[in-house]
Amino acid sequence: MRTSIRCGVAALALSVPLAFGVGAGTATAAPQESVLQVPVITGPEFVPAGVPGGLIQTIPIRAVVGEKPGEVRFSAADIRPYYYQFAYRHLTVNWRNLSTGEAGSAGLRHWNDEIDRTQPANQGGPQAYRLPTEVTARTGAGPVFVTVTHDRENPDASNALIPGLGVLLVP
């Protein structure tokens, strides 16, 4: 009898504040930044079409979750300084939500564009400079599988030896 009275009093003590909204709030997690488990590994880079950084290069990919429900913000972890051959290169982020099956892709730059594109002489040529340095993907909540390739416009192909890979838990 005493055990059941104690359990009843404990249940009442816990349920009264919840009924009046005391102690109940909306839990919001702070945004979490991480780097994909596998960076993009590019190469080989040969002169004259190569870029500074060596024959084989890595590009770590940053992912931020928790800023908004069901969204992930992607960018290169290190934005590289402008080099004219970067104008032919960009990253493509592909994602698939493993819970819902939703999928998508987006392109982004991993380098700064230091050319004044308002001048007519600088408006032609490769189109990678039009891409942003970060993109937000509406993936939906759940586990999201991500691949990132390093693509070239000339020739139009990927030169990623190993694509960037990762699994994110999106709130």
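The model is predicted, so local features need pLDDT of at least 70, side-chain atom pairs count only at pLDDT 80 or more, and totals for chains, interfaces and linings use all residues. Residues are numbered from 1 along each chain as its sequence is written, and side-chain values use heavy atoms, with hydrogens and water left out.

Start with the whole chain. Its secondary structure comes to 1 helix and 12 strands. Helices (H or I, at least four residues) and strands (E, at least two) are DSSP runs, numbered from the N terminus. From that end, the elements run α-β-β-β-β-β-β-β-β-β-β-β-β. The chain has 171 residues, and 32% of them count as buried. Buried means under 20% relative accessible area, exposed over 50%, and partly exposed in between, with a 1.4 Å probe and protein chains only. Contacts tell of links along the chain. Of those with a separation of 6 or more, 64% come from residues 24 or more positions apart. A contact means heavy atoms within 4.5 Å.

Now take the sheets. Strands of a sheet pair through backbone hydrogen bonds, either parallel or antiparallel. Two strands count as paired if DSSP finds at least two bridges between them.

β4 pairs with β1 over 4 bridges, in the antiparallel sense. There, Ser 34 has Ala 63 of β4 as its bridge partner. β4 also pairs with β5 (residues 71-76), again antiparallel, over 5 bridges. Arg 62 is bridged to Ser 75 in β5, and Ile 61 to Ala 76 in β5. β4 and β5 form a hairpin with 5 residues between the strands, where Gly 66 takes a positive phi near 95°.

Another open sheet has 3 strands. Their order is β3-β2-β11, and the pairing is antiparallel. β3 (57-59) and β11 (160-162) are the edge strands; each has a single partner, so one side of each is left without a neighbour in the sheet. The twist averages 40° from one strand to the next. β2 (residues 40-42) and β3 pair over 3 bridges. Ile 41 has Thr 58 of β3 as its bridge partner.

Pro 52 sits in the loop between β2 and β3. Is Pro 52 buried or partly exposed? Pro 52 counts as partly exposed, because its relative accessibility is 47%. Leaving out residues up to four places away in sequence, Pro 52 touches Gln 57 and Tyr 83. Pro 52 and Tyr 83 are 31 residues apart along the chain, yet their C-alpha atoms are separated by 7.9 Å.

Asn 159 lies in the loop between β10 (156-158) and β11. Asn 159 is buried, with a relative accessible area of 8%. Neighbours within four places aside, its contacts include Ile 41, Thr 42, Gly 43 and His 150.

His 90 belongs to strand β6 (residues 89-97). His 90 is buried too, at 16% relative accessible area. Beyond four places in sequence, His 90 is in contact with Leu 108, His 110, Ala 128, Leu 131, Thr 149, His 150 and Asp 151.

Finish with the largest pocket. A pocket is an open set of points on a 1 Å grid over the protein atoms alone, where a 1.4 Å probe fits, with protein on both sides within 12 Å along at least five of seven lines; lining residues have an atom within 4 Å of a point. The volume of the largest pocket is about 170 Å³. Its lining has 12 residues, and Gln 32, Val 65, Gly 66, Leu 169 and Pro 171 lie nearest the centre. β1 (32-35), β4 (61-65) and β12 (164-170) each supply at least two lining residues.

Terms used. Grid points are joined across faces, edges and corners, and a volume is the space filled by probe spheres set on the points. Axes are lines fitted to C-alpha atoms, for helices over the stretch in contact, and angles run from 0 to 180 degrees between N-to-C directions.
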